[in-house]
Amino acid sequence: MFEYFEDNYSWNMGVLMASQMGGLMSEIDSVCRPLRDIGSRPEARTDPAALEAWLDAWTGLGERIEGLARIDAAAGHGLSAGRKHLRAALYYMQAERFAAHTDPRKLEIYERMLSAFRTGATLRGDPVAWVDIPYEGKALPSLFIAPPASVAGNGPYPCMIHFDGFDVTKEWTYLSGMVEALAARGVASLIVDHPGVGGAIRYHGLPTVVDTERPAGACLDWLAGRPEVDDARIGIVAMSLGGYYAPRAAAFGHR
């Protein structure tokens, strides 16, 4: 694994996630190089000063790139602005992931990430629909992406449900590239902030559940109401801790 910070797994993972989602190494290096000494110390994982430096650096990078995006948008360069907004979103994501759950800035940065992501996807004309999946009297914030008609026609087409991992969100899954690859093959995607992650825990107070067939069942119910989706060809996939979430849902869900 590429290790920017010696013996600091968490910070290295943040760097790798940012680069995987489309971050520019020059931008990533600009915030990580000043952090290299403090981040490589053994105490960096728990040192409040080190964590504060990380949060400030990545938040500042998000703000800088978002500022450049606004300049592009004002000049009429929507595609360039959209790409920058999406990069700002993923940089905010790396800041927010390391903020303590008691830090009031955590929700603020999360919401800035959501705003940058939505603005970026909209400016680029990405085929993203923001939807709420009804779930036990509350909702699972989700993204639905239909494949292009040039590939899938008007349907019905298969669909993959995407669950998240331990501490990532639907926006991470979208930016990881998997959805684009599926769409090119005529497969739709429903990316879900299931209980325990993203908007489900932050806005609806839904903690992680063991029986993930419950939220997966809610997703199946929602997809069943969409005539363009072939409800006989629906799968589920997830990453990291999702290696439990998705197989459990598939094994125990009656459908």
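Predicted model: local features only at pLDDT ≥ 70, side-chain atom pairs only at ≥ 80, totals over all residues.
**The whole chain**

Zoom out and display the chain as a cartoon. Its secondary structure amounts to 12 helices and 5 strands. The radius of gyration is 19 Å, close to the 18 Å given by the globule rule for 255 residues, so the chain is as compact as a globular protein of that length.

Of the 255 residues, 49% count as buried. Colouring by charge brings out 24 positive and 31 negative side chains, with the centres of the two sets 3 Å apart.

**Aromatic pairs**

Across the whole structure, a search finds 12 aromatic pairs. Select tryptophan 11 and tryptophan 54. Their ring centres are 4.8 Å apart and their planes meet at 40 degrees, so this pair is tilted. Tryptophan 11 is in helix H1 (residues 9–20) and tryptophan 54 is in helix H4 (residues 48–74); the pair links distant parts of the chain, 43 residues apart. Both tryptophan 11 and tryptophan 54 are buried.

Move on to phenylalanine 117 and tyrosine 174. These two rings form an edge-to-face pair, with 5.4 Å from centre to centre and 90 degrees between the planes. Phenylalanine 117 lies in helix H6 (residues 105–124) and tyrosine 174 in helix H8, so the pair ties together parts that are 57 residues apart in sequence. Phenylalanine 117 counts as buried, at 0% relative accessibility. Tyrosine 174 is buried as well, with a relative accessible area of 12%.

To see a cluster of rings, select Tyr4, Phe5, Trp11, Trp54, Trp58, Tyr91 and Phe98, which ring pairs link together.

Which residues does threonine 169 touch? Select threonine 169 in the loop between strand S3 (157–163) and helix H8 (170–175). Leaving aside residues up to four places away in sequence, threonine 169 touches Met93, Tyr110, Met113, Asp164, Asp193 and Gly198. Threonine 169 is buried, because its relative accessible area is 4% and the cut-off for buried is under 20%.

Alanine 44 is the next stop, in the loop between helix H3 (36–39) and H4. This residue counts as buried, at 1% relative accessibility. With residues up to four places away in sequence again left out, alanine 44 touches Asn8, Trp11, Ile38, Gly39, Ala50 and Leu51. Trp11, one of these contacts, is also a member of the aromatic cluster. Then draw a distance from alanine 44 to aspartate 221: their C-alpha atoms are 45 Å apart in space, and the two residues are 177 apart in sequence.

**Backbone features**

The last stops concern the backbone. Most residues other than glycine have a negative phi, and most peptide bonds are trans. Where does a cis peptide bond occur? Select glycine 155 and proline 156, which are joined by such a bond, with omega at about 0 degrees. Proline 156 is placed in the loop between helix H7 (149–152) and S3.

Aspartate 7 is not a glycine, yet its phi is positive, at about 60 degrees. It is found in the segment before H1 and counts as exposed, at 56% relative accessibility.

Finish at glutamate 136, in the loop between strand S1 (128–135) and strand S2 (138–145). Glutamate 136 is not a glycine either, and it has a positive phi of about 50 degrees. Its relative accessible area is 52%, and glutamate 136 is exposed.

How values were computed:
Residues numbered from 1 in each chain as written. Heavy atoms only, no water. Helix = DSSP H or I, 4+ residues; strand = E, 2+ residues; numbered from the N terminus. Rg over C-alpha atoms; globule rule 2.2 N^0.38 Å. Buried < 20%, exposed > 50% of the residue type's maximum accessible area, 1.4 Å probe, protein only. Lys, Arg positive; Asp, Glu negative; His and termini not counted. Charge placed at Lys NZ, Arg CZ, Asp CG, Glu CD. Contact = heavy atoms within 4.5 Å. Phe/Tyr/Trp six-rings, centres within 6.5 Å; stacked < 30°, edge-to-face > 60°.
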